[in-house]
Amino acid sequence: METTNHHTVTTAWSERATLIGGDAIVFIVFALLGRSSHGLVDENPFLAAIRVALPFFIGWLVVAPWLGLFRHQPPARMVGLTMVAWLLALPVGLGLRWWQLGRSSPFSFALVTFLTVAALLLIWRGSYSWWQQRRSA
């Protein structure tokens with residue numbers, strides 16, 4: 001039977017929760033920016049943003065764990081893995097969005113989605129990884 005250090009296990013879950021929560025915020029910010037740039041106004045813009053972000057966030061949650069993105073990584077590795085994961089997660093998200101809407105999205109939407117989310121993920125995850133590395137040094 002393997003014994004674990006309770007503090008290490010708690011820290012690992014805390015870090016995973018922080019990364020997943022930060023990622024969720026990234027996808028919601030992406031959706032809010034997109035809806036705002038198109039002048040879309042809803043009674044509840046936050047719920048509308050969640051509806052837009054959800055397929056992409058689910059795609060991200062399907063791909064990212066396979067690349068180790070929910071555990072500590074050095075900043076350069078985090079940035080590289082984030083880009084690979086987003087390249088793989090985008091088609092999953094677009095497929096889920098197609099299923100959700102009953103129609104495909106134009107290439108321009110896919111391109112803007114890729115670039116916007118990539119920038120937001122890289123800023124968030126790169127900064128977090130850098131901060132974690134500095135904190136543990």
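At 15% relative accessibility, G126 counts as buried, where buried means under 20% relative accessible area, exposed over 50% and partly exposed in between (1.4 Å probe, protein chains only). This is a predicted model, so local features need pLDDT of at least 70 and side-chain atom pairs count only at pLDDT 80 or more, while totals for chains, interfaces and linings use all residues. Residues are numbered from 1 along each chain as its sequence is written, and side-chain values use heavy atoms, with hydrogens and water left out.

Let's stay with that glycine for a moment. G126 sits in helix α4; helices here are DSSP runs (H or I, at least four residues; strands are E, at least two), numbered from the N terminus. Leaving out residues up to four places away in sequence, G126 touches V79 and L121, a contact being heavy atoms within 4.5 Å. G80 is 46 residues from G126 along the chain, yet their C-alpha atoms are separated by 9.6 Å.

Now zoom out. The protein has four helices and zero strands, running α-α-α-α from the N terminus on. Of its 137 residues, 34% are buried. Take the contacts between residues at least 6 apart in sequence: 71% of them join residues at least 24 apart.

What about the inside? The largest nonpolar core has 27 residues, and F27, W60, L69, W86 and L121 touch the most other members. (Such a core is a set of buried Ala, Val, Leu, Ile, Met, Phe, Trp, Tyr and Cys residues joined through side-chain atoms within 4.5 Å.) Two or more residues each come from α1 (6–37), α2 (45–63), α3 (75–101) and α4 (107–136), with α2 giving the largest share, seven residues. Have a look at W86: beyond its neighbours within four places in sequence, W86 is in contact with F27, F56, W60, T113, F114, V117, A118 and L121.

W86 also turns up where α2 meets α3. From α2, the residues involved include P55, F56, G59 and W60, and from α3 they include A85, W86, A89 and G93. Sorted by type, the residues of this contact are 14 nonpolar, four polar and two charged (nonpolar is Ala, Val, Leu, Ile, Met, Phe, Trp, Tyr, Cys and Pro; charged is Asp, Glu, Lys and Arg; the others, Gly among them, are polar). The axes of α2 and α3 are 7 Å apart, at an angle of about 135°, which makes the two helices oblique to each other.

Key:
Axes fitted to C-alpha atoms, helices over the stretch in contact; angles between N-to-C directions. Parallel < 35°, antiparallel > 145°, perpendicular 65-115°, else oblique.
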